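Please have the viewer open as you read.

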Amino acid sequence: MSRSGADLALLLLGGFRSMVDAATAELARRGHEDVRPVHDFALRAIAAGADNASELGRRLSVSKQAAAKTIAVLQERGYVARDADPLDARRKRLHVTALGFELLRQGEAIFDELRDQWEQQIGSAELAGLEAHLAVLVGARPVRLDAPGWIAQDLGEPA
């Protein structure tokens, strides 16, 4: 018996939610109990050049007001900071702090650990096959979670 397209979509979403929820819980255990998935998306967008609320809102597909609220939370927690624009002192530009980049690194390490757990559950050949099939179905370029339909960019992290 084959599943419907809706069932497949729900399975894919369930896999995503399972990993994201487990990563969020692990980040909380590691001292980042205040982090939500949207914070990761916002940090990545800011690191890639979204240096104000309007641009962040566009990249996250949310209103400027919603982006401003996310920025306020990230700034309060020390993950982003605002500095004067060297070309226009009236303008403040966002950037990811060292703590923000550390959070991103921890999140990536946790996702690697979760991938290893999935590999132990279903086997390395099965997981490699699943990844290969998904890569064919999704396409060669990674999906940017901070902006639906856009192609991924590097984090832009300073060396």
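## A salt bridge within one helix

Arg44 and Asp40 form a salt bridge, with 3.0 Å between the closest N and O atoms. The term salt bridge here means a side-chain nitrogen of Lys or Arg within 4 Å of a carboxyl oxygen of Asp or Glu. The two residues sit 4 residues apart in helix 2, so about one helical turn separates them. An α-helix has 3.6 residues a turn, so residues three or four places apart point the same way. Arg44 is partly exposed at 27% relative accessibility, and Asp40 is partly exposed too, at 24%. On this scale, buried means under 20% relative accessible area, exposed means over 50%, and partly exposed lies in between (1.4 Å probe, protein chains only).

A word on provenance: this is a predicted model, in which local features need pLDDT of at least 70 and side-chain atom pairs count only at pLDDT 80 or more, while totals for chains, interfaces and linings use all residues. Residues are numbered from 1 along each chain as its sequence is written, and side-chain values use heavy atoms, leaving out hydrogens and water.

The salt-bridge count comes to 14. One of these joins Arg77 to Asp34, whose closest N and O atoms are 3.2 Å apart. This pair links distant parts of the chain, 43 residues apart: Arg77 lies in the loop between helix 4 and strand 1, and Asp34 in the loop between helix 1 and helix 2. Arg77 is partly exposed at 28% relative accessibility, and Asp34 is partly exposed at 22%.

Arg93 pairs with Asp51 in another salt bridge, at 2.4 Å between the closest N and O atoms. Here strand 2 provides Arg93 and the loop between helix 2 and helix 3 provides Asp51, a separation of 42 residues. Arg93 counts as partly exposed at 32% relative accessibility, whereas Asp51 is buried at 10%. Salt bridges with shared partners also connect Glu26, Arg29, Arg30 and Glu113 into one network.

## Overall layout

The protein has 6 helices and 2 strands, in the order α-α-α-α-β-β-α-α along the sequence. These elements are DSSP runs numbered from the N terminus: helices are H or I with at least four residues, and strands are E with at least two. Strand 1 (residues 80-85) and strand 2 (residues 88-96) pair in the antiparallel sense over 6 bridges; pairing requires at least two DSSP bridges between the strands. A hairpin of 2 residues joins them, and Asp85 has Asp88 in strand 2 as its bridge partner.

Of the 159 residues, 30% count as buried. Among contacts between residues at least 6 apart in sequence, 53% join residues at least 24 apart, where contact means heavy atoms within 4.5 Å.

## The nonpolar core

Which residues have the most contacts inside the largest nonpolar core? They are Leu43, Ile46, Leu56 and Leu74, in a core of 26 residues. Helix 2 (37-47) gives the largest share of this core, 6 residues. A nonpolar core is a set of buried Ala, Val, Leu, Ile, Met, Phe, Trp, Tyr and Cys residues joined through side-chain atoms within 4.5 Å.

Leu43 touches residues including Leu74, Tyr79, Val96 and Leu104, not counting those up to four places away in sequence. The buried residues of helix 2 pack against helix 1, helix 3, helix 4, strand 1, strand 2 and helix 5. After helix 2 comes Gly49, with a positive phi near 125°.

His32, in the loop between helix 1 and helix 2, is buried at 9% relative accessibility. Apart from neighbours within four places in sequence, His32 contacts Leu27, Tyr79, Leu103 and Gln106. Gln106 belongs to helix 5 and is buried, at 17% relative accessible area. With sequence neighbours within four places again set aside, Gln106 is in contact with Leu27, Arg30 and His32. Gln106 and Ala23 are 83 residues apart in sequence, yet their C-alpha atoms are 9.6 Å apart in space.
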